[in-house]
Amino acid sequence: MKKHLFWGAIMVGVLYGTYFLSLPPKKHEEQSINIKKVAQTDKFYTIRKDEYIYDGGAHGYTITRWNSFDKKTKVQINDKILNDRKDERLNDLLRQGLIAYFAKYVPLYGGREFEPNKLNEEILVDVEEGNLPPPKGEPFLMEKGVGFMYGQYEISNYANGQPAFVVPYYLMQPYMSAEILALVEPIKYDTEIEPILP
């Protein structure tokens, strides 16, 4: 009896799987893709791809990907930028980056002032305990430093966009791989952490 139930369940699964695989791919109500080169030096370039999808409801969502390439080898290098993306010493730089982003974004798009000491009110994780997670997406290279971007809902609410910022190379140097340090321009000490706005 158990053997028949087992094979019966397998057949039902196969039939349902065959049915769902035969359905045409879902079409979105609205979809757009924008690709542009956002950074370039003699040794690397970075491309940004924004894909907006709306399937109904209150709002759509945007998926942003940043792809940095070594010009000489034509190889994507995002996964080689940092020695360890989860290095806890990066936590303070990520925090400073979020503060820089919200200081520009909130007054511009939220119509109110942002107070840096109230960062916890803008994000969905508790930064006071030092547990600020790195973005899920890989870091990327810009002319002045290493870029980071949190996706929608990854660290903050939808209304706060996709928090993104560039940390200058002189601050990032201890965390970067030797291979990538050879690609970046001479380290300048006159730049600050800068937000990337939509």
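1. Tyr153 is partly exposed, with a relative accessible area of 47%, where partly exposed covers the range between buried (under 20% relative accessible area) and exposed (over 50%), computed with a 1.4 Å probe and protein chains only. The phi of Tyr153 is positive, about 65°, although the residue is not a glycine, and Tyr153 sits in the loop between β5 and β6. As background, most residues other than glycine have a negative phi.

2. On provenance, this is a predicted model, in which local features need pLDDT of at least 70 and side-chain atom pairs count only at pLDDT 80 or more, while totals for chains, interfaces and linings use all residues. Residues are numbered from 1 along each chain as its sequence is written, and side-chain values use heavy atoms, with hydrogens and water left out.

3. Lys74 belongs to the loop between β3 (61–70) and α2 (91–110), and it is exposed, with a relative accessible area of 61%.

4. The chain holds four helices and seven strands, these being DSSP runs numbered from the N terminus (helices H or I, at least four residues; strands E, at least two). Read from the N terminus on, the elements follow the order α-β-β-β-α-β-β-β-α-α-β. Of the 198 residues, 37% count as buried.

5. Strand β5 (residues 145–149) is mostly covered, since five of its five residues are buried. It pairs with β6 (residues 164–168) over five bridges in the antiparallel sense, and Phe148 has Phe165 as its bridge partner in β6. Phe165 in turn has Pro195 as its bridge partner in β7, β6 and β7 being joined by two antiparallel bridges.

6. Which residues touch the most other members of the largest nonpolar core? Among its 33 residues they are Leu98, Leu141 and Met172, a nonpolar core being a set of buried Ala, Val, Leu, Ile, Met, Phe, Trp, Tyr and Cys residues joined through side-chain atoms within 4.5 Å. Each of α2, β5, β6 and α3 (169–172) supplies at least two residues of this core, and α2 gives the largest share, nine residues. A second, separate core of eight residues has Trp66, Phe140, Ala164 and Ile196 among its members.

7. Leaving aside neighbours within four places in sequence, the contacts of Leu141 (heavy atoms within 4.5 Å) include Ala39, Phe44, Ser68, Ile81, Val146, Tyr169 and Val184. Across the chain, among contacts between residues at least 6 apart in sequence, 55% join residues at least 24 apart.

Definitions and conventions:
Pairing = 2+ DSSP bridges.
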